[in-house]
Amino acid sequence: MTGLRYGGDYNPEQWPEEVWAQDVELMRRAGVNTVTVGVFSWARIEPRPGERDFGWLDRVLDLLHAGGIDVFLATPTASPPPWLGHRHPETLPVDFDGHRLGYGSRNQFCPSSPVYREHALALVEALARRYADHPALKLWHVGNELGQVCHCDVTAGHFRSWLRDRYGSLDELNTAWHTTFWSQRYGEWDEVIPPRRAPYLINPGQRLDFARFCSDALLACFMAERDVLRRFTPDVPVTTNFIGLQAPVDYWELARHEDVVSHDWYADPFDPTGHVMSALSFDLMRSLAGGPWVLMEQAASAVNWRRRNPPKPAGQLRAQSVQAVARGADAVCFFQWRASRGGAEKFHSGMLPHAGPDSRVFREVVALGADLRALAPVAGAPVTASVAVVLDWESWWAAQLDGHPSGDFDLLTRLRDFYEPLFDLGVTVDFAHPSADLSAYRLVVVPNLYLVRDAQPLVSFVAGGGTLVMGFFSGVVDEHDRVHLGGYPAPFREVLGLRIEEMVPLGPDEVLTCTSESLGGFTADFWYDDLRAEGAEVVASLVDGVPVVLRNEYGDGTAWYVGTRPSAGVMRRLLARVVAEAGVEPVLDPPRGVEAVRRGDVLFLVNHGVADVRLDVPGTHVDLLTGATVTDSVTLGKYGVAALAPPLPSGG
Amino acid sequence: MTGLRYGGDYNPEQWPEEVWAQDVELMRRAGVNTVTVGVFSWARIEPRPGERDFGWLDRVLDLLHAGGIDVFLATPTASPPPWLGHRHPETLPVDFDGHRLGYGSRNQFCPSSPVYREHALALVEALARRYADHPALKLWHVGNELGQVCHCDVTAGHFRSWLRDRYGSLDELNTAWHTTFWSQRYGEWDEVIPPRRAPYLINPGQRLDFARFCSDALLACFMAERDVLRRFTPDVPVTTNFIGLQAPVDYWELARHEDVVSHDWYADPFDPTGHVMSALSFDLMRSLAGGPWVLMEQAASAVNWRRRNPPKPAGQLRAQSVQAVARGADAVCFFQWRASRGGAEKFHSGMLPHAGPDSRVFREVVALGADLRALAPVAGAPVTASVAVVLDWESWWAAQLDGHPSGDFDLLTRLRDFYEPLFDLGVTVDFAHPSADLSAYRLVVVPNLYLVRDAQPLVSFVAGGGTLVMGFFSGVVDEHDRVHLGGYPAPFREVLGLRIEEMVPLGPDEVLTCTSESLGGFTADFWYDDLRAEGAEVVASLVDGVPVVLRNEYGDGTAWYVGTRPSAGVMRRLLARVVAEAGVEPVLDPPRGVEAVRRGDVLFLVNHGVADVRLDVPGTHVDLLTGATVTDSVTLGKYGVAALAPPLPSGG
Amino acid sequence: MTGLRYGGDYNPEQWPEEVWAQDVELMRRAGVNTVTVGVFSWARIEPRPGERDFGWLDRVLDLLHAGGIDVFLATPTASPPPWLGHRHPETLPVDFDGHRLGYGSRNQFCPSSPVYREHALALVEALARRYADHPALKLWHVGNELGQVCHCDVTAGHFRSWLRDRYGSLDELNTAWHTTFWSQRYGEWDEVIPPRRAPYLINPGQRLDFARFCSDALLACFMAERDVLRRFTPDVPVTTNFIGLQAPVDYWELARHEDVVSHDWYADPFDPTGHVMSALSFDLMRSLAGGPWVLMEQAASAVNWRRRNPPKPAGQLRAQSVQAVARGADAVCFFQWRASRGGAEKFHSGMLPHAGPDSRVFREVVALGADLRALAPVAGAPVTASVAVVLDWESWWAAQLDGHPSGDFDLLTRLRDFYEPLFDLGVTVDFAHPSADLSAYRLVVVPNLYLVRDAQPLVSFVAGGGTLVMGFFSGVVDEHDRVHLGGYPAPFREVLGLRIEEMVPLGPDEVLTCTSESLGGFTADFWYDDLRAEGAEVVASLVDGVPVVLRNEYGDGTAWYVGTRPSAGVMRRLLARVVAEAGVEPVLDPPRGVEAVRRGDVLFLVNHGVADVRLDVPGTHVDLLTGATVTDSVTLGKYGVAALAPPLPSGG
């Protein structure tokens, strides 16, 4: 397909068939060209074990295809039917406390259960066999938002196999988990169990490996389904939709094994700069995909799962959708097409709300369809960045274990602390795994990298002339959550030119006063490091002299260390300097609340605020959304958007 | 009996027999004429299965009767003895998480347990057989504060039977529960279970039906006992005491099956207008009973189950007790006569405190006895109202399910938002079920009616000339918690003359600014509806024009809609106008904090504040409490009370 | 050994053997003379059931001894190896909810488990047999921080045996537990169970006895190990380390059965007067020991188990350590010698931090070694006090049960309310059990004694001329948590000259205004008693006249009652007056934040603040820490310390 995909989850089994034709007609009116079918259809397709009814689905797919609408076909394995839990309670997940959960909700399966796996794969095979050649089929959508965790005895056995593969011997495991402490040495494999509620802190090596295992177990669920699908449709790409910015699954690993990266994203309506986290998540998706990605789910208006769920104000849907395209999405989809009449998500908005087509929401959905058609030229185009932000799932898991200096440490907050000033400066970033080749970047930002397997890629990057910025609580432990000894952050001490003896988390109301010639005086909070410079230049320090921001020349490059949490304005000043020194070019210097990002040769501007803003955009452009010619400046109203392309060559 | 009953729970098995005679003597001193015996006596009566000891109870009842004290005899089935839990652990309740709870407390029974039922009914029969003809027996008091919920497998079977009765077929159940969503379709009855802890939100239809089932299961417990009792004493009325304003049991249903409505009420000492919730609960009880009711439990001073439990200040006990009589109570009783020396409730005050008869509390108890004798003329008299407030248990259950626009929605708060201004205006109200015949009322207030089975009674009420006031989040779903489509609140759109596209819950600190010609500018919070008038007059709107208060002429009547939560003062102004237009007559226009209500021909005035207040009461009355003649005005001191009767006909 | 012991937990099994020699060298450099070995070594010593490896431990002990370092040898029974939980899941503890906890942490044993006991004692015997004659062995350290609680069925049987021993008959138990209330009468012993999660409040007599039983079950674990050890080494003293100020075990009982009292203490870094709680705990330890005690664990810098764990500021370690010596410690030890590289406590600081010997922490550790050598003369010296504070574990357990007037009542806060003003006044106190002979004291302070078995010792103390100060919620119940009737606090009404009818807990924001001729007007919060004086002089009262502070002459003595919670300044003024009237001599009148305490003939002064303070110390002294002569005054800097001894006799 050329152009952008537009659509949403379509769950027609919720409605009588007479509604389906109306759905297709309204989809066409809205410009919908693609829908995802089948996500929650297991019980409808297989109402009793082995007894399958595909007739309704045949009719749905045929109807859609006849209407010119493509299908992302889901394997409905995220939500097993009641009969599976009833007949095979061993497929139901067991939580950390030892409760076996019930059905009546969704996601109630143990990823390690062979019984679940057997039933799921049989269904996937039947589905693939039946629809392999259906002309509407464009993408396989495996399961839904992989994230289930189980602590049952079957999982325990699976975990032990995984550990045997990883360590080879119990001695290796005992060493890795440091079981000499607290008398935790394992004498036989059968003694090893998943983390379960215990009298006190649980071994962090065990917890970290269990996090890895759970990610791998879910990955294995995905790959088993993918392999079945590929047998039948080697040419149809396979995805599974990520569940926003969450920790359970290593997205780098999962992305590596899927053909298309797809993302479910629901911006927080009560977060005044929620669009920054959206941008962050979109940049991450693009980086995971190495190119265009699919916004598989967003909400047309309200969701139903936060404590308070207001609708989106008029216009915001457009701004948020164009934002995704600007940052590399080639598809803008929703959960779900038609708002449910009943069930647990009936107050989750749909593209077609309870109020019907005569509604603000549906009118915005129709208008968005037109906008996306106008943006067709950017489909497939790249977004390029000369800055990379490092994000690593195993470090994330480890950094958020307990028994740490601060129980308030939150990786997403740390990411935001560094991402937001770059966003405000109009600097586009990629995300990168810490083992990646970073040589294409001018600047690499490491908000946090608590766990470091191998510091060499980052060290070499600096030595080779790059600029590194690193935040506190980095470089602390190895892959087994064992401290790198000799002063933190041992693997980075040389490149950073400093040595930390102790880490100092602060109380919730504590504020530090810092002095800096170049940044001016400022305040900071949350944390500081009791460190001394060993070669680095001190850029800012506490009033008692402890350095908090340092800059170190290393090899041909420069490494910065930010050992506290400066206020947002200072972070912006600091990163402006770093960006400038590193020779990074912002897309634009946008006013606060306005997003500027370039995709291909189109400059996207999004006003996330409600006041009008005027921006200087030197030269002449055509706004793809309006067709208007824009010369030297553009004004964006509330939630206003522009997609400025170079003028068409005259006479072209 | 003529006059009012006065007394409390009497648990003499806690004390040596020599104390009993002293109890009766002190009861007589206090004017106590009725006590409730046996609530927690199962283990004392039946110390081992089938082995019964009634001797002590014979002596208690004879002693009371000899002292002129009537008895409400309780079936002690709320608190099974340890031997039942020990020998039959299957009678112990299982919670939502799957824990089977222990004994050592009270209420530890599964309402669906046939083993519990068998033991309970055998005991009830023995009790009825023995005391059927005891002259002290005036009322059967079944169990105590029905509210137990269980999620065990026996309950699951019982739930399935109940569902079969309700739906007839699994197809009907699948449709009602909208199981096509999230792959929850049931293929066999055995698959259906109660809601149990699950990975995410549980099917709301399942939860709503389980709430109905739990209410019915408790009702069945009550009816089984009642039927046994009626076999032996067809002329002795039967009650069970409600546990305040709580959701677990549908009080309309329970009240329909009992002969007397009785109520346990403990005003919150830290709520400065706690007396308003008291009034609300008392009006509800009167409405449930269709006439006089019994205040079965209140506290003479402190309770022991809130986080902080201060005693009542001097005088408040009298004010709160007279308040109950004013709103229809024919009995004022307490938990409990003599404060326990040991056990879990020893810090719950008694009429006779730990300090003994030489105490403020006991002196107030004695004085209250005299007051209640003086109020004897009002016994049996009606309280009449021309306003009804609609309250429906199944809508309450449904409105408080999860996955909703606001997780902060609380039905009792919504009730209070509308009840309090009416209370302040001196307007007396009844409560009514939404299916009730409302034609006798001038005004019907619907603070919330999220679930609507049948809108016709309310619509007809307006069409027939009545005035309706409805609050937001009403008319949203049908009896199966499925949305009424086409714009909220579909069943009431026509009568209200408006259409809502989306509901907008607010953050905890958000405040709306509203404009209104008739009400003046005001603020509101918590919620507003994105609505447009379709015929209704806009009385108030947000500054951006969204209507928030509307008034619609419909048929011969008028319907108001309040789509936000205006500040309390505005609610009072608004309802004052509604009341006036509807031709509703307040009892009086009382100063703030003073309650005015008429029972029979007696005007009750209660000052719930601590400052003196002077009220105009035109004409001449006799204060029943003092015998004094009151002309044109009366002054009430701190917690002061007056019961103003018409002067006796001269020479009568 | 003469002088003070200095050292810490040494867990060499965490490190390769080549590190051990370096450890001993650094210990010697730091002046460490004693280490605790083996606390968590079970799995290392006995990697498989019955298969023991002592070789490594032989080498450790020999190496230490060769280095001149004594050993406290721990029985590693606090942390059973995984094989015990795996092979004998019945040894794992079951919590209140009925969950059997997992291993992978520590402390996972049921104190009543015979299987655990058997394995633990076999290991203890092997350890004792092997090292009975090792010259490094100076003390047995049994287990670690006893505190485990279990609710399993084995525990239930053990609890029943304990109850049979205590009560002899079920009738006695039924009476004690007041089971006539709520139908809880037990008909057979087998029906009795530990408290387990139930629908509502659990019988408080049952809960109180279970608290006693749990304490006794842990005591029995200790005594069983102690008895084995004594068989082999009758001359080696035995201790077990207390876990700070906590409720689970009756320290008076445990201390009675051990040879040495040892204490783990971690001051709260976010508590600005945390040093006061330290002093309180140290005074308690000295009182439990009846003389010198061992500070078995403290942190060299940060811990890892609070929500936020900052390091200690420079100098504080010294101040806190000297504080312990000043209050009677003859040993200053740490958890742990070398900070772990891995495991759950790796961020708990060690004497030797991750940064290595070139670090502030290690330099302070070395300096502290020198300080402690300089303080050798005080080893064994007594601290004397003429004031006793009463603390009773069973009253603590009972006072914190639920269903009470205030759920915010916290015994430690009450202790602090009375201890802190005495500390500020420079008054040294002992702690005493309420049954103790108090005749040696001038003043006895009872912050709270909710449960009173026998009031006679306190009454006699006053009658004999002593001064008593008692706080509210005292004297309420007997040993079975049954109210002493007739007005609170019945057992003390006569000695206090007052009678309380009701207790009045306040809301969190309520403030009382009090008037007093001698104390001036003041505010109070949390609570007051509705009391009347019956003979006592009213020292302060609420504005409405309710007395809140009273003073009563009784026999030859005086009894004070404080029926509210006056602000801290007023408590200081009040206690200053009491202290003066009782003829108690403060050590000194220190400025705020400075601690003054005398041990033997040495006056210790500790500045817990960061500003310099100058104190008058009339006469001439020698500061043991510096050797300097001090005349008439001394100045202490930030965290400054002085240990002022009388000048050496000239020519001595």
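## Walking through a three-chain model

Let us begin with one pair of side chains: R307(A) and D408(B) form a salt bridge, their closest N and O atoms lying 2.6 Å apart. A salt bridge here is a side-chain nitrogen of Lys or Arg within 4 Å of a carboxyl oxygen of Asp or Glu. This is a predicted model, in which local features need pLDDT of at least 70 and side-chain atom pairs count only at pLDDT 80 or more, while totals for chains, interfaces and linings use all residues. Residues are numbered from 1 along each chain as its sequence is written, chains are lettered from A and ligands numbered from 1 in the order in which they are written, and side-chain values use heavy atoms, with hydrogens and water left out.

Across the interface of chain B and chain A, the rule finds nine salt bridges. It also finds 35 residue pairs in polar contact there, both residues being at pLDDT 80 or more. A polar contact is a pair of N or O atoms within 3.5 Å; within protein, one must be able to donate a hydrogen and the other to accept it, and residues adjacent in sequence count only if both atoms are side-chain atoms.

Which parts of chain B supply this side? α8 (204-232), β14 (498-505) and β16 (522-533) of chain B each give at least two residues to the side that touches chain A. Helices (H or I, at least four residues) and strands (E, at least two) are DSSP runs, numbered from the N terminus. The largest share, six residues, comes from β14(B). Sorted by class, this side of chain B has 23 nonpolar, 15 polar and 16 charged residues. For that sorting, Ala, Val, Leu, Ile, Met, Phe, Trp, Tyr, Cys and Pro count as nonpolar, Asp, Glu, Lys and Arg as charged, and the others, Gly among them, as polar.

How much area do the two chains bury? Chain B and chain A bury about 4700 Å² between them, and 53% of it is on carbon and sulfur atoms. Buried area is the accessible area (1.4 Å probe) that two parts lose on being put together, summed over both. F181(B), W182(B) and S183(B) supply 14% of the area that chain B buries against chain A, more than any other three residues. In all, 54 residues of chain B are in contact with 54 residues of chain A, where contact means heavy atoms within 4.5 Å.

Now turn to the other neighbour of chain B, which is chain C. This contact takes 54 residues from chain B and 54 residues from chain C. The two chains bury about 4700 Å² between them, 53% of it on carbon and sulfur atoms. Between chain B and chain C the count is nine salt bridges, and one to look for joins the side chains of R87(B) and E191(C), at 3.4 Å from N to O. The polar contacts here number 36 residue pairs, both residues being at pLDDT 80 or more. On chain B, α2 (42-45), α4 (82-87) and α12 (360-374) each supply at least two residues of the side that touches chain C. α4(B) gives the most, with four residues. By class, this side of chain B has 21 nonpolar, 19 polar and 14 charged residues.

How are the chains related to each other? Two copies of a chain are related by a rotation about an axis and a shift along it. Here, a rotation of 120 degrees with 0.0 Å of shift along its axis superposes chain B on chain A, with an RMSD of 0.0 Å. The two copies are therefore related as by a three-fold rotation axis. Copies are superposed by least squares on the C-alpha atoms of residues with pLDDT of at least 70 in both. Of the residues of chain B, H99(B) comes closest to the axis, its C-alpha being 5.1 Å away. The copies use different surfaces, as 4% of the contact residues of chain B recur in chain A.

Finally, look inside chain A. UniProt, in an unreviewed entry, places the feature "domain: Glycoside hydrolase family 42 N-terminal" at residues 9-374 of chain A. UniProt positions are given in the numbering used here, feature names are shortened, and annotations may be inferred rather than shown by experiment. Residues 9-374 of chain A are 42% helix and 10% strand. In chain A, R196(A) lies in the loop between α7 (170-176) and α8 (204-232), and a polar contact of 2.9 Å joins its side chain to that of D153(A).
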